[in-house]
Amino acid sequence: MNTPLLEARRLTRSFPVGGLLSRERRTVLRDVSFTLERGETVALVGESGSGKSTLARLLARLDTPDAGDLRLGGEDVLARSGRAASLAYRGRVQMVFQDPFASLNPVHTVAYHLERSLLRHRRASGADLTPRVHALLESVGLTPAEQLARRFPHELSGGQRQRVAVARALAVEPEVIIADEPTSMLDVSTRRGVLQLLKGLTRERGIGILFITHDLASAHHLADRVLVLYAGSVVETGPTREVLRTPRHPYTRLLLSAVPDGADFLRTPLPARTPAGPAPPLGCAFAPRCPHADVRCHDAAPPLHLPAAEHLVRCHLESSKGVADDAAVPS
Amino acid sequence: MHYVLRRLGFYLLAAWASLTMNFVIPRLTPGDPATAMFARFEGRLSPDALVALRAAFGFTEAPWHVQYLTYLKHLLTGDMGLSYAYYPSPVTEVIGTGLLWTVGLAGCAVVISFAVGTTLGVLAAWNRGGWLDSALAPVLAFLGAFPYFWLAMLALYLFGFGLGWFPLRHAYSHDLEPGLTLAFLADMGRHAVLPATSIVVATLGGWMLSMRNTMVAVLGTDTLRLAHAKGLPARQVMWRYAARNALLPNVTGFGMALGFVLSGSLLTEIVFSYPGTGYLLILAVRNQDYPLMQGLFLVITLAVLAANFAVDLLCLWLDPRTRAHA
Amino acid sequence: MSSARWLLPLLALFATGGCELEPRPRPPGTLFVSVEQRSAWVRNFNPLFAGAGSRWPTRAGVYECLELYTPSTGGYQPWLATGHTWSEDRRTLRFTLRDGVRWSDGRRFTAEDVAYTFQLLRKHAALDAGGVWRFLSEVRAEDEHTVAFTFSRVFIPGFGDLAAQPIVPRHVWEKVGDPVTFTNPTPVATGPFTEVNVFRNQVFELGRNPYYWQKGKPAVRALRFLAFPTNDQANLALVEGEVDWAGNFIPAVDRTFVSKDPAHHARWFPLFGSTVFLYPNTTLPPLDDVRVRKALSMALDRERLVEIAMYGYTRPADATGLNDAYATWRDADVADDAWVRHDAKEAARLLDEAGLRLGADGVRRRPDGSPLALDIEVVGGWSDWVRAGQVVARDLRKLGVQAHLRTYEFGAWQERLQKGEFQLSISWSLDGPTPYTFYKWMLSSATVRPVGEVAASNWQRFGDPETDALLERFEATDARAEQQALMVQVQRRFSETAPAIPLFPNPSWGEANSKRFTGFPTETDPYARLSPHAEPDSLLVLTRLAPRSP
Amino acid sequence: MRDAIRRLLRQRKAAVGASILLGFLVLALVGPFFVQDPTELLGQPHQPPSGAHLLGTTGQGQDVLAQTVVGARETLAIGFTVGALVTLVGALVGVTAGYLGRRVDDALTLTTNVFLVIPGLPLAIVLGAYLPSGPLRMVVVLTFAGWAWNARIFRSEALSLRGRDFVAAAVVAGESHARIITRELLPNMASLVASSFIGNTLYAVGAQVGLEFLGLGDVGAVTWGTNLYWAGNDAALLTRSWWIFVPTGLCIALVGFSLTLLSSAIDELTNPALRLPPRAPEARPAATPVHLAPEAGALLSVRELSIEFTTEGGLTRAVDQVSLDIAPGEILGLAGESGSGKSTLGSALLRLLPPAAAITQGRVFFEGVDVTALSPEALRAFRWSRVSMVFQSAMSALNPVLPLGEQFHDTLAAHDRTGSRAASYARARELLAMVGLKPELVDAWPHQLSGGMRQRVGIALALALEPRLIVMDEPTTALDVVVQKELLQRVVELKARLGFAILFITHDLPLLLALADRVGILQAGKLVEVDTAQRLRTEARHPYTRLLLSSFPHLGADDVPPPAADVLEQATATNKPGLAALPGGRR
């Protein structure tokens with residue numbers, strides 16, 4: 001088996017809560033593992049507060065996990081530190097941020113943003129620079145490039161800005177792009193264009209994309225595989241169609257039922273309870289909302305199960321069906 | 001309660017740090033108080049007195065850390081030592097002559113300035129472009145640009161010296177027995193008018209402007225849109241919805257200002273011969289009266305810290321959001 | 001807002017002129033005095049510790065001394081003592097005490113009280129401001145009215161210190177734990193005013209001593225003191241007529257104060273204050289050269305200086321450096337020496353002679369070619385001296401010296417002065433009943449300290465062995481003629497060596513308003529100095545003043 | 001940057017402030033060559049203004065005019081130097097603390113806070129005693145005593161900028177810390193630097209003058225502060241020589257005033273909300289008179305409604321001749337992108353337009369009453385009792401400083417629907433229960449609720465007066481899908497029970513199609529299509545509607561194919577005014 005392009009193993013991150021003297025910490029990510037292959041799009045789905053953005057920041061090396069491994073092409077990224085190592089990593093892994101109104105510096109031109117990435121990673125220099133900037137802009141569908149390059153962010157529309165952000169990521173010719181809800185702040189009519197642009201990248205350039213979203217429909221549209229994150233843990237993962245057609249985890253089912261689609265959307269009840277009390281410290285985080293929760297769910301953390309090929313679910317209910325062998329699952 | 005304790009912890013730490021600074025800074029200054037004291041007699045004292053003075057002031061050549069520990073120990077027991085300039089009166093007694101008056105004068109002036117300025121700010125923001133906003137605000141800004149001791153001088157010159165409407169100096173008339181009598185209180189008020197007014201006039205514009213600006217920001221929020229949409233009466237929207245929310249930053253500034261005025265009013269006090277701590281501080285510095293200086297610093301610092309703590313508590317009461325961290 | 005509204009019309013109103021502040025009703029017979037400038041009063045009537053901030057007139061008004069000296073008459077007058085005698089060998093001094101003196105608590109004043117007071121000084125060095133126990137060996141009450149001081153060496157000038165010592169009651173001070181830190185809130189004393197009627201932070205009042213030994217005195221019912229933190233406020237109160245007697249520096253006093261009510265407002269600024277000097281650091285070349293010192297002195301236009309810095313209240317200093325208190329000691333010939341007179345040409349000549357020649361750029365250079373730059377140091381807050389320093393710097397610059405005025409906070413300035421870490425500094429000098437004290441401070445080798453060590457006197461660090469011998473002879477004689485002759489020689493030495501550059505004698509500030517009280521000393525009736533600061537003259541004034549009959 | 005300065009100078013405040021300041025700068029630079037020597041004793045002391053001495057003489061006989069003019073030089077020099085230094089030190093400490101965070105931040109912040117509580121003036125006085133005299137001392141002392149406040153401001157600015165994505169983006173791009181601070185953070189603080197510099201200069205001039213007045217400066221120098229010091233010393237009061245201290249005081253005030261004006265102009269530049277909003281346009285009669293009358297039986301009739309904003313570039317039409325009707329109990333959806341005018345239209349029903357906007361044409365009839373013609377008091381009574389509203393941001397729309405019960409009480413009391421506070425609270429509990437919240441929450445504060453709960457409170461509040469119509473302006477946009485569905489189900493249920501009508505505004509077309517009876521599509525202020533949800537889903541006619549429909553990926557079925565190229569062109573050809581920048585326009 002090939003080494004995956006990007007592999008995360010049991011990433012865990014917690015943050016201190018309270019003041020200087022407090023030792024209390026809140027765990028935001030717990031044992032998150034996944035892989036990303038060349039030319040593949042993996043969607044990371046979850047509601048706000050599920051740890052999506054923290055994971056994105058970890059992968060973009062904006063933050064460091066408390067525990068776990070991060071491998072890029074089989075190489076342990078976290079083991080190497082220092083500026084050079086981080087620069088090398090950034091040359092291969094890039095990120096597109098959620099809010100294009102915030103991710104471009106208002107005082108710099110479009111060209112400046114792209115030139116910096118090109119220069120910093122020695123992808124172009126001197127006379128080569130301007131043509132490369134223009135080419136990049138054209139490659140993300142921003143024409144006329146000469147004119148747009150001179151503009152400041154506030155002179156662009158949201159969709160255009162997000163394309164600039166994508167172009168900036170592309171400037172370093174990365175192998176992986178982490179896209180953190182790239183369309184949620186955009187006008188609806190431009191969203192599709194940006195999604196199409198990302199889709200094209202995987203196809204044409206073989207870039208692996210980690211697509212972070214709260215929108216299952218977008219994930220469905222774009223991703224090959226999907227990871228469902230709940231309260232910092234991956235509760236279900238598998239090929240997008242498989243997971244969305246036959247969701248196994250109650251939370252995935254809940255998410256799916258809430259997507260507005262079809263006229264009877266409001267008539268179907270939500271498969272969830274009103275949460276009664278906080279999540280049990282040892283058991284399943286979803287237990288308070290789960291309509292099927294029983295004693296096990298409150299006492300022990302559910303293991304990952306493999307109900308079908310490449311389809312993993314973290315749920316006691318599934319494990320009791322005994323479809324697959326626990327030991328076979330890397331966790 | 002956790003929040004309150006945490007703030008208290010910070011203030012204790014800040015108090016300790018400023019006390020330490022109070023210890024260090026005076027000792028960095030050259031010269032010693034005995035010679036300073038000696039010099040005040042301008043030649044009417046023999047040089048031999050210097051030796052005697054040194055002995056009387058009990059100068060120790062003890063290492064700094066020993067002096068420091070002694071200093072802290074004394075402070076903890078409320079013993080600030082004897083003033084050099086008013087030797088041998090205890091520092092506490094010397095500070096006692098002025099503290100209440102400064103707190104009274106500066107405190108009243110700041111409270112009045114804050115209350116009036118904030119109210120004006122609310123009204124100015126509510127009636128954007130009205131005469132309050134477009135005419136009074138610049139006038140107050142202009143008045144605020146004057147050094148307040150200069151305003152004090154002018155007020156003294158015009159209303160005290162020129163017109164004779166108000167007393168020129170002091171906190172009360174010398175022939176009145178201080179007490180809670182109507183005559184004395186009226187007299188005290190008359191004496192406070194000019195100094196307090198000069199502080200108020202100089203600071204009013206600042207409060208008004210900052211309140212106006214916060215208020216304008218609040219006016220643009222959805223909270224206000226909702227309040228209007230609900231059909232609430234205008235006065236209620238203005239005070240209960242807009243002003244209440246805009247007040248918080250100003251209240252924080254108020255805590256700062258209370259502390260500032262306790263020391264900053266000294267110029268006004270000097271102009272009006274008001275028996276406050278301000279002049280004492282200048283006197284202490286000129287005479288290198290370390291104990292008095294430290295005592296005043298201690299009192300001023302503690303007052304500032306206490307004021308800030310009080311403001312923290314006030315914010316806690318005003319803004320339920322801070323209570324979330326409590 | 002309200003203030004803003006009435007401020008502007010009033011500005012206009014002011015232009016047409018205002019009315020006077022109506023004075024508050026005053027208790028009759030109460031004398032309002034302004035001496036100390038404080039923002040608030042702190043209760044302290046300790047007469048012994050000179051360093052203490054005791055309220056005026058603790059040392060000469062509440063308490064009294066044995067004999068009074070005032071330079072305005074130039075002699076001593078008996079007070080608690082009716083007289084004194086020296087023993088044959090000049091080693092014992094006996095004071096005869098006045099009969100019938102009582103403490104303000106009714107107890108009798110005796111020789112025991114005097115002896116006890118001096119024992120306290122012996123026991124607590126801090127109280128011995130005059131250093132009497134450096135020449136005394138014993139003090140004894142020989143009988144109820146006789147105190148004998150035994151000297152360890154012949155030291156005639158010591159009489160002044162003994163006579164001026166305020167005497168405290170033994171029966172009270174015996175019970176005091178530490179007389180140095182004792183604030184003596186309710187004084188028991190022999191003086192005219194001993195009863196503290198009122199004491200508040202802004203005002204205090206002293207009432208008459210019920211047992212005062214001068215019958216029918218004092219005529220003033222009480223003394224009242226208001227707290228004025230600044231000169232400005234004190235002067236205002238004086239001009240308004242609130243204060244009857246003050247000792248303030250008042251700018252343009254004749255116009256601002258006297259002319260307001262010429263019949264009653266009076267000021268008398270006799271030049272009895274210590275002489276102000278420009279001290280050169282004589283350990284530094286070229287200031288070690290007497291020609292240079294004299295040249296700097298001759299560069300100064302003192303007439304102009306006193307006009308600018310002192311409003312013409314004083315005169316230029318003469319070559320003796322003595323103030324008018326020593327008028328009888330001054331030698332007219334010496335005083336007339338040329339080196340204190342403005343003569344730019346001669347100054348330039350002297351500098352040329354000393355090798356400090358004028359460069360092409362108008363700056364004088366030292367023999368090694370470096371420009372002659374001198375810093376004049378002065379305390380930033382002392383405005384009259386700052387003005388003086390400005391004039392001095394300007395005059396020196398005209399001579400080609402790169403003179404700069406540097407202002408320091410008092411402490412820094414003082415330390416530099418005392419340690420000898422300055423070039424030129426403006427400061428005062430020391431006075432006593434005779435010029436002995438003054439010249440000892442100026443010229444005595446005994447007072448010279450090495451640079452870096454704190455010197456309480458002789459900041460210029462100049463010792464003259466010839467003068468040392470003259471001073472030693474002076475200490476041993478009480479014959480006025482001999483003293484006079486010795487002092488003339490000392491004056492000559494001073495003028496020859498020019499250890500420091502005298503600028504002007506300081507006036508002794510005194511203002512009085514005789515609207516309610518009569519009997520203030522004046523130039524024509526100089527029974528005492530008018531300045532209330534002047535101790536013990538205040539005793540003379542306080543016992544002479546009387547309320548005008550209504 | 002140059003653009004910003006140009007905009008700054010266009011402001012009257014800035015222009016006045018800058019010219020006063022410039023005047024004084026010129027005076028300080030050139031003036032001293034034209035006046036007499038300020039230290040020379042030229043005339044008699046205490047002389048009032050005359051031909052020889054235009055501003056009179058001091059107590060020493062110096063020329064007051066010369067002293068005032070020459071005094072400007074050092075005062076302003078020290079003022080600007082200290083202003084710059086304090087800004088620099090404050091910015092360095094603050095940005096370092098804010099950007100590096102953690103331990104460095106803890107240590108620097110603590111130091112800063114300690115310096116903040118130590119009274120500055122005494123600190124300056126004591127410090128001044130230690131240093132040798134001269135202008136340098138003043139600079140050092142004032143800088144030392146004044147930097148902390150700036151460090152605090154710069155720290156919070158750095159903190160907020162550090163959290164911005166463009167900093168993270170720069171990190172991801174591989175930029176170094178130094179470059180991020182200098183090229184990414186600092187340029188964004190330009191206006192803060194400028195206003196701090198001006199504020200600090202103001203502080204420096206004031207503090208310097210104060211210290212010098214106390215005699216703690218270099219009294220040998222000629223500055224405004226020492227002028228006042230000498231005025232006090234030379235008995236200006238006693239001699240009634242007002243001319244000695246009045247000119248200097250006026251100069252200080254004018255400089256201070258000009259600085260205040262400049263700083264407030266900069267504030268207004270960076271925070272447009274502080275500027276006086278432009279005047280709303282006047283209503284105009286329609287170009288072609290049309291008969292404006294309500295539809296019979298309709299709850300709400302909007303007729304030919306146009307709403308215009310006054311912007312810098314002139315009038316902009318946000319809603320363009322829109323007519324629509326809502327029947328009792330109906331849910332009308334209004335879909336459109338940001339800037340399409342949908343929120344403006346919703347607000348107009350309650351006449352809740354921002355100050356710069358106004359209804360310029362058309363009418364809104366509610367139950368036959370012309371809402372656009374209501375008097376202020378009638379309007380107040382009309383609001384909420386007939387039409388209420390749910391905002392997108394219930395999180396920020398609730399008053400954070402009042403418990404929920406109070407906010408219900410205010411609403412009920414404003415319309416005389418309650419007898420007492422207790423009655424209001426009882427009704428509030430009832431309403432909370434109605435939207436599925438615990439009645440005890442009546443005593444809670446908004447911050448104690450989650451977003452979904454707050455939105456439910458918003459709905460409960462909207463129901464308080466049992467209105468006939470509720471305008472819901474993107475009420476679920478900020479919510480997670482699960483919460484959104486829970487909420488909408490509750491709304492539909494309540495509607496069925498209480499029979500109110502809903503105008504539901506959103507950009508989420510699929511949601512609208514599932515929820516609404518009829519849906520209107522707004523594009524650039526124009527209502528391009530209105531039809532039943534059912535019909536729109538399958539046979540939308542307008543190309544823009546089709547473009548919108550195709551923009552949403554679908555879960556179950558295959559995605560709707562994008563419209564053909566020519567249709568697309570037609571859809572986007574409609575001129576889209578730059579409304580995104582308008583106040584009230586959402587992105």
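Figure 1. Two salt bridges are found across the interface of domain 2 of chain C and domain 3 of chain C, a salt bridge being a side-chain nitrogen of Lys or Arg within 4 Å of a carboxyl oxygen of Asp or Glu. Arg153(C) and Glu475(C) form a salt bridge in which the closest N and O atoms are 3.4 Å apart. Between domain 2 of chain C and domain 3 of chain C there are four residue pairs in polar contact, both residues at pLDDT 80 or more. A polar contact is a pair of N or O atoms within 3.5 Å; within protein, one must be able to donate a hydrogen and the other to accept it, and residues adjacent in sequence count only if both atoms are side-chain atoms. The side of domain 2 of chain C that touches domain 3 of chain C comprises eight nonpolar, one polar and two charged residues. In this classification Ala, Val, Leu, Ile, Met, Phe, Trp, Tyr, Cys and Pro are nonpolar, Asp, Glu, Lys and Arg are charged, and the others, Gly among them, are polar.

This is a predicted model in which local features need pLDDT of at least 70 and side-chain atom pairs count only at pLDDT 80 or more, whereas totals for chains, interfaces and linings use all residues. Residues are numbered from 1 along each chain as its sequence is written, chains are lettered from A and ligands numbered from 1 in the order in which they are written, and side-chain values use heavy atoms, with hydrogens and water left out.

Figure 2. The domain assignment, of automatic or database origin, divides chain C into domain 1 (3–51 + 183–271 + 508–547), domain 2 (67–173) and domain 3 (275–505). To the contact (heavy atoms within 4.5 Å), domain 2 of chain C gives 11 residues and domain 3 of chain C gives nine residues. The centres of these two domains, taken over C-alpha atoms, are 36 Å apart. Together domain 2 of chain C and domain 3 of chain C bury about 780 Å², with 58% of it on carbon and sulfur atoms; buried area is the accessible area (1.4 Å probe) that two parts lose on being put together, summed over both. Of the area that domain 2 of chain C buries against domain 3 of chain C, 46% is supplied by Tyr69(C), Ile156(C) and Pro157(C), more than by any other three residues.

**Figure 3. The interface of chain D and chain B.** About 6400 Å² is buried between chain D and chain B, 74% of it on carbon and sulfur atoms. Chain D contributes 71 residues to the contact and chain B contributes 69 residues. Two salt bridges are counted between these chains; Arg240(B) forms a salt bridge with Asp410(D), with the closest N and O atoms 2.8 Å apart. There are also 15 residue pairs in polar contact. Helices (H or I, at least four residues) and strands (E, at least two) are DSSP runs, numbered from the N terminus. Helices that each supply at least two residues of the side of chain D that touches chain B include H4 (102–117), H6 (135–162) and H11 (242–270) of chain D. H11(D) provides the largest share of that side, 11 residues.

Figure 4. In chain A, four strands form an open sheet in the order E2-E1-E4-E5, with antiparallel pairing; two strands pair if DSSP finds at least two bridges between them. Strand E2 (25–36) and strand E5 (75–76) of chain A are at the edges with a single partner strand each, so one side of each has no neighbour in the sheet. Leu72(A) lies opposite Glu75(A) in E5(A). In chain C, E8(C) and E9(C) form a hairpin with three residues between them, and Val196(C) stands opposite Leu206(C) in E9(C).
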